[in-house]
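Student: I would like a close look at one part of this model. Please keep it brisk.

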Amino acid sequence: MQKKYIPGINILGGAPYTVPEQLQMLKRVGWGAFFTGWDKTKTTEWAREADRLGLIYQSIHSPFYEVRYLWENGDKGKEVAAELIDCVKDCHDNHIPVMVIHPFIGFEDHTPTRIGIENYARVVEVADRLGVRLGFENVEGEEYLAALMEAFWDAPSCGFCLDTGHELCYNGGKDMMALYGEKLCHTHFNDNFGVYDPNMTWENDFHLTMGDGLVDWKGVMDRIDASSYDGVLMCELTRGNPPQWHTHERYAAMPLEDYYAFALDRMRAVMDRTLVSNPIEVK
């Protein structure tokens, strides 16, 4: 029997719309769940509005710009770990079940360290105690994800967040579900063209709407169906062009609520296995 999933999406940049206004858009359009970045001054407000609307506040994406310091000696790594612990506590206090966490950031380093495992262990210990799942995401630097999953595989909080775009462009199309699918607790569905330009790094991660790139969506769904995961399937999309490209102008031209409806149509087609990919022209 085919699983029944709940479609979810990240809250997009959409000034002048506030997050509560965007949540109302999601409800009107038909999304069932969402995630946000972390703003500890706003989490409770957003969670209350989600409860009022009957939306699932599935995750917070924890800060990631400084996570490389977790793998280095010094006070900075401890400060970053403390920030992540505060984010875990905020998830717990607002009944948000998952905190997505990046193992690393950057393309040059490929050597996990003992101090990194120790710093992440502090976060894992609090997440275990509070019952928050940590969705370790497949990003660049696969060695760091592998080290964390090996170290914390048996921890109650240890989970895996599958980013379909990262799998294609940063992980070279490697089947990350074959490695970590047993721990799947969250997804980031988005599309791109793989390593479109080997001289680019971040720019390969287009975060296109599903079907506008080269991701094999039937294959994605087959692999998720084969796992024990059942629940929210979350998108992580953007309406803004990557540097030097004009790939997202159609999205940006839509009123925000219309884009949310467009993305939901694509997401439903992914879940129903009816999506026909038609990669957009890169210009």
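Student: How do the residues of the lining of the largest pocket divide into nonpolar, polar and charged?

Tutor: This is a predicted model, so local features need pLDDT of at least 70 and side-chain atom pairs pLDDT 80 or more, while totals for chains, interfaces and linings use all residues. Numbering runs from 1 along each chain as its sequence is written, and side-chain values use heavy atoms, without hydrogens and water.

The lining has 14 nonpolar, 12 polar and five charged residues. Here Ala, Val, Leu, Ile, Met, Phe, Trp, Tyr, Cys and Pro are nonpolar, Asp, Glu, Lys and Arg are charged, and the others, Gly among them, are polar. In total, 31 residues line the largest pocket. A pocket is an open set of points on a 1 Å grid over the protein atoms alone, where a 1.4 Å probe fits, with protein on both sides within 12 Å along at least five of seven lines; lining residues have an atom within 4 Å of a point. The space is about 720 Å³, counted as that filled by probe spheres set on the points, which are joined across faces, edges and corners.

Strand 2 (residues 33–37) gives the most to this lining, three residues. Strands are DSSP E runs of at least two residues, helices H or I runs of at least four, numbered from the N terminus.

Nearest the centre lie Phe64, Tyr65, Asp205, His207 and Glu236. Take Glu236. It sits in the loop between strand 8 (232–234) and helix 9 (249–253). Glu236 is buried, meaning under 20% relative accessible area with a 1.4 Å probe, protein chains only. Beyond four places in sequence, Glu236 touches residues including Phe35, Glu137, Asp163 and His207, with contact meaning heavy atoms within 4.5 Å.

Note on methods
Buried means under 20% relative accessible area, exposed over 50%, partly exposed in between (1.4 Å probe, protein chains only). Lys and Arg count as positive and Asp and Glu as negative; His and the chain ends are not counted. A salt bridge is a side-chain nitrogen of Lys or Arg within 4 Å of a carboxyl oxygen of Asp or Glu.
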